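Trainee: I am new to this structure and would like to go through it step by step. Could we begin with how the span of a helix is judged?

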Amino acid sequence: MFQIHCPHCGATREEEEFSYAGEAYIARPAKPEEATEAEWGDYLFMRKNTRGWFWEQWQHTAGCRKVFAVKRNTVSYEIAGTWTLAEGKELYLKESEA
Amino acid sequence: MANFQPYLQSPLVNFNLPAQTVPADASQKVRANELPLLGYIVLRGELADAAVAQAITKATGLAVPAASRFSSGEAGVLIWQSPDECLLVTARAAVPALLAACADAFAGLFAQAVDNSGGLTTVYLSGVEHVTLLRHLGVYDFESVEAGDAVSTVLGKAGALVCRVDGDGVFLVIRRSFADYLWLLITKAAIPYRFAVAKLPSAGKSPFLRLVDAGSPAKRPVAA
């Protein structure tokens, strides 16, 4: 019901062309063998479920089939911007530090 | 299995389009017909990389298209799909030679050419109301599709590539597995527009239609 700008196609398209791909930038434990069960459980199952601004992944399934990052407000559905995963990660890290 | 004789047939073979085909006339506001059994080659490789772009041009003789555009020439039509993927639509008979040329040109590069001729087909949709019909089927702003554009979007529940060569009509590149569904969807939605399965216009210089003449008969034995 909203429009998303695909950073790979450089075009703004209807939501119908995209699929939701979950929360963005979930870090995999650096040493999976040494991770405790609680850490591994967090990585696999625990999600932020934010009310407000939220970094998430969308895939342009009907277009370029690429996954990219979207910063969206889960209350108002407003979209702050869309980036390729690499570009978005810098912004995400800067924001999460602040 | 000694008696098994593989043969080519169009994904729309059960609609028996050749038998339904009538001459095109102005009263048909939406016309459609299939361009059966073309060749489709998927080219993967970072298009922004000059070496990959040059290799594609060397193998196919076609310029690498800009985003959501296509380029055309002797070998066929090269359609942009994503920053690292193009689709080459060509005559079925030209596929083996082009695959070999691509394999040659891609040597040493992180790029690949894959034959997907069995997976896709093309439908030509024309007539004065063909854009209206597309608006029945999909959410994209189809009026903004200009000559040279290749838009990948959804029609009904299935994905399709919408390519416009000129104002007369669009070429829909669709998946084999959804061809049945999309054809039924098109024919049903087009009933109010005096739909007809019309004879394809003469090829002339049209980059897509030209490929049909160089293509294959509807049913042809192939070497096993």
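Mentor: The expected span of a helix is 1.5 Å times one less than its number of residues. Please keep in mind that this is a predicted model.

Trainee: How far apart are the end C-alpha atoms of helix H2 of chain A?

Mentor: Helix H2 of chain A covers residues 85–97, which is 13 residues, and at 1.5 Å a residue these should span 18 Å. The computed separation of its end C-alpha atoms agrees with that expectation, being 18 Å.

Trainee: How many of the 13 residues of H2(A) are buried?

Mentor: A residue counts as buried if 20 or more other C-beta atoms lie within 10 Å of its own. H2(A) is hardly covered, and the count of buried residues among its 13 residues is 1.

Trainee: Which residue of S2(A) is the bridge partner of Ile4(A)?

Mentor: Strand S1 (residues 3–6) and strand S2 (residues 11–14) of chain A run antiparallel and are joined by 4 bridges. Within this pairing, the bridge partner of Ile4(A) in S2(A) is Arg13(A).

Trainee: Which strand gives the largest share of the side of chain B that touches chain A?

Mentor: In all, 11 residues of chain B are in contact with 12 residues of chain A. On the chain B side, strand S5 (76–82) and strand S9 (150–155) each supply at least two residues. The largest share, 3 residues, comes from S9(B).

Trainee: Where does the largest nonpolar core lie?

Mentor: This core has 66 residues, and among those that touch the most other members are Ile79(B) and Cys163(B). Both domains of chain B give residues to the core, so it lies between domain 1 (12–36 + 120–205) and domain 2 (39–115).

Notes: Residues numbered from 1 in each chain as written. Chains lettered and ligands numbered in written order. Predicted model: local features only at pLDDT ≥ 70, side-chain atom pairs only at ≥ 80, totals over all residues. Pairing = 2+ DSSP bridges. Contact = placed C-beta atoms within 7 Å. Buried ≥ 20, exposed ≤ 12 C-beta atoms within 10 Å, placed from the backbone. Core = buried A, V, L, I, M, F, W, Y, C linked by C-beta atoms within 7 Å. Domains from an automatic or database assignment.
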